[in-house]
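This report walks through selected helices, strands and spaces of one model. Please keep the sequence and the 3D view open while reading.

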Amino acid sequence: MRAEDIEHLVSLSRPAVHRSGAFAVVATSRPSLRANRNVGQLWRVDLQDGARRRLTGGTSDRSPQLTPDGATALFLRADEHDKPQVWAVRVDGGEPVQATAQPGGVMEFAVSPRGDRIAFTSAVVERGRYGSVDGVSASQESPRLITGNRSLANGIGSLIGRRTHLFSAVLPDLDAEPRYARAAQPHDDETVGDDEPMAPESVQLSHGDFDHVAPAFSPDGDRVLCITARHDTRDDDLVNAVVEFDATAAEGEPHIVLSSRAGLSVGQVLGTPDGGYVLLASKLGESGRDFVARSTQLFVLEHAGAHPEDVTDEDTVDLGEPGSHATVVDDGVLVQERRRGRNRLVHVTGGGSKELIGGDFEVIGHGVGDGVTVATVQTPTSMGEVAVLDERGLTVLTDFGARLVDAGIVEPSEHEFTTRDGSVVHGWVWVPEGEGPHPVLLNIHGGPFAQYGVGVFDEAQVAVDAGYAVVQCNPRGSAGYGHEHGAAIKQAMGTVDMHDVLDFLDASLAAHPQLDAERMGIMGGSYGGYLTAWTIAHDHRFTAAVVERGFLDPESFVGTSDIGWFFSGEYTGTDAEAVRAQSPMAHVDAVRTPTLVVHSEQDWRCPPEQGQRYFAALQRHGVESALLLFPGEDHELTRAGQPRHRLERFEHILAWWAKHLPTPKNHA
């Protein structure tokens, strides 16, 4: 795979499965260099033979859901103002019809079990901010008075004067005459008639200075559940609550299902037919912000106000990312478990759990129909395929990744190696064609409570194609190996995590003699940028390094990052001396390795000052270094940035390696 082959990275949404089990609807998404954005449409996939046809022709249609009768697909598409709205289209074909016209766009939506309404969340902004008044630019807005911690969000920017509220609306009649925009008036002082709304009127269910996320209907369709934080200390902790609203009442009051006093961070809530609820949530300790290595668990509530009961074990089972969600079925709940570089689908009942889909898959989403369980999965050769579990067993039905395979995919070898203190670290090694010796790139993932997995990884594939061996593992601090593994670096960053990646590297060199131990590079992003910068200050074996969007100075991170108010304190502690003992910036004077620093100008997660100050310090100490800064990008550049920027990033990184670690295929 070459850098330009990112266009073949086709990922899939969660599947919307017809209740008969006959077909599913998925949305594709892939980078387009020509459009310089991610593009994709809805596809209908037959669950018997895998035949598929395109349902929509939009530029970036996403997040499909089906009405209960399966006749209509609902999805998100941008309107003429580039705001995402809900649209509806018949699954048998036809023109999509706009179902919402929210000035703030639609973030998430749910379909009523009656099939007559939708509930959704939308941004509501203070008048005069964020383009809400024509002619008032961002530079002309009134100043923002900040009185609490939650004032920023990566990918959004300022949150001052911006709230996310809950709405509901009836679904449009797909047989009705289309709605038309009113033409310009012949004279300024004449009125031809009021504007006809482009979609059914919505009802705002929630109000106040609070945010609301994750809408879900009750099983009878009368109420809408959502997650919110309304407690007095909500600006100083990470806990939230579950409330429900009448599905049609504009001035209704929320009914508490789960109080914030439960001390949970809830990600999803679903009602059950017996009047209970299931939750995906994490415990946060007495402080309400003790989030380090906290697994996402399955909880049940017998009724509103009941104590949440653990169903899964917090120390050994993690139902977190990617695409984490639950589905209530007749005899239990389906969930996705993150474990050892895989994301498996598990059926949980009161008597235990059973793996439904395991093996070399990362389950991204799932759904159920009559006699079938459907999943969208990443594989070692594809970013997204549809798999079905039925009486035939497990079958991968689609080949959305075929062009990526044609471009050339190298599959890695998988290893477990014992480290210097007797623990075990798990990871992968890619080796390019030829006898070698091949220069080696040590990759380190972000998070840190995340994991490398078995799904195809463009970073490794592009490097292997250029002639580099790639080594990557899940050191202590990573997710997928239990709480103890993940929490091992709490207030001890740069200790056993560095030992693990270096010990895995040494063992990989021993296991693969075609790797060149004298020519090695190291790179990583976010937490991976942290550990890269930390390692090159303590180990000088590497010929060159790439530090991307790094968490590089825990002290300045507080007050500049959207998560700085809690992240640094929980991971590095608050004692000034202890914090500096874990800070790459405090040890930058020990760096000797030529280093490329990569950052994005709109990164509010690891702000640009982290990279800029680190680069300035390298320059001050005479270290060969360069700063690559991307305009218009945030922390998600490598995953969701503009495709041309993603390509240019690869080109710059390969040029850095060509200068310091040339190969026959990549040299200056």
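## Terms and basis

The expected span of a helix is 1.5 Å times one less than its number of residues. Helices (H or I, at least four residues) and strands (E, at least two) are DSSP runs, numbered from the N terminus.

The model is predicted: local features need pLDDT of at least 70, side-chain atom pairs count only at pLDDT 80 or more, and totals for chains, interfaces and linings use all residues. Residues are numbered from 1 along each chain as its sequence is written, and side-chain values use heavy atoms, with hydrogens and water left out.

Helix H5 covers residues 527-538. Its 12 residues should span 16 Å at 1.5 Å a residue, and its end C-alpha atoms lie 17 Å apart, which agrees. H5 is mostly covered, with 11 of its 12 residues buried (under 20% relative accessible area; exposed is over 50%, partly exposed in between; 1.4 Å probe, protein chains only). Among them are Tyr527, Tyr530, Trp534 and Ile536.

Helix H9 (residues 608-620) has 13 residues. From first C-alpha to last it reaches 18 Å, close to the 18 Å expected. Its buried residues include Pro608, Tyr614, Phe615 and Leu618. The buried residues of H9 pack against H5, strand S38 (544-548), helix H6 (554-557), strand S39 (595-600) and strand S40 (625-630), where contact means heavy atoms within 4.5 Å. Just after H9, Gly622 takes a positive phi of about 80 degrees.

Strand S12 spans residues 117-125. Seven of its nine residues are buried, so S12 is largely enclosed by the rest of the structure. Two strands pair if DSSP finds at least two bridges between them. Strand S11 (residues 108-111) runs antiparallel to S12, joined by four bridges. Glu108 has Thr121 in S12 as its bridge partner. The hairpin of S11 and S12 has five residues between the strands, and Gly115 takes a positive phi near 80 degrees there.

S12 also pairs with strand S15 (residues 162-170), in the antiparallel sense, over nine bridges. Arg117 stands opposite Val170 in S15.

## A four-stranded open sheet

Four strands form an open sheet in the order S17-S18-S19-S20, with antiparallel pairing. Strand S17 (212-217) and strand S20 (255-258) stand at the edges. Each has a single partner strand, so one side of each is left without a neighbour in the sheet.

Three bridges pair strand S19 (residues 241-246) with S20 in the antiparallel sense. Val243 has Ile256 in S20 as its bridge partner.

## Cavities and a pocket

On a 1 Å grid over the protein atoms alone, a cavity is a set of points where a 1.4 Å probe fits but cannot get out. A pocket is an open set with protein on both sides within 12 Å along at least five of seven lines, and lining residues have an atom within 4 Å of a point. Grid points are joined across faces, edges and corners, and a volume is the space filled by probe spheres set on the points.

The structure holds two cavities of 30 Å³ or more. The largest cavity has about 90 Å³ of space. Its lining includes Leu441, Glu459, Met523, Phe650 and Trp657. Strand S35 (438-444), helix H2 (458-465) and helix H11 (643-660) each give two or more residues to this lining. H11 supplies the largest share, five residues.

The second largest pocket holds about 340 Å³. Of its 14 lining residues, Glu7, Val10, Arg30, Phe400 and Arg403 are the closest to its centre. Strand S3 (23-32) and strand S6 (52-54) are the elements that give two or more residues to the lining of this pocket.
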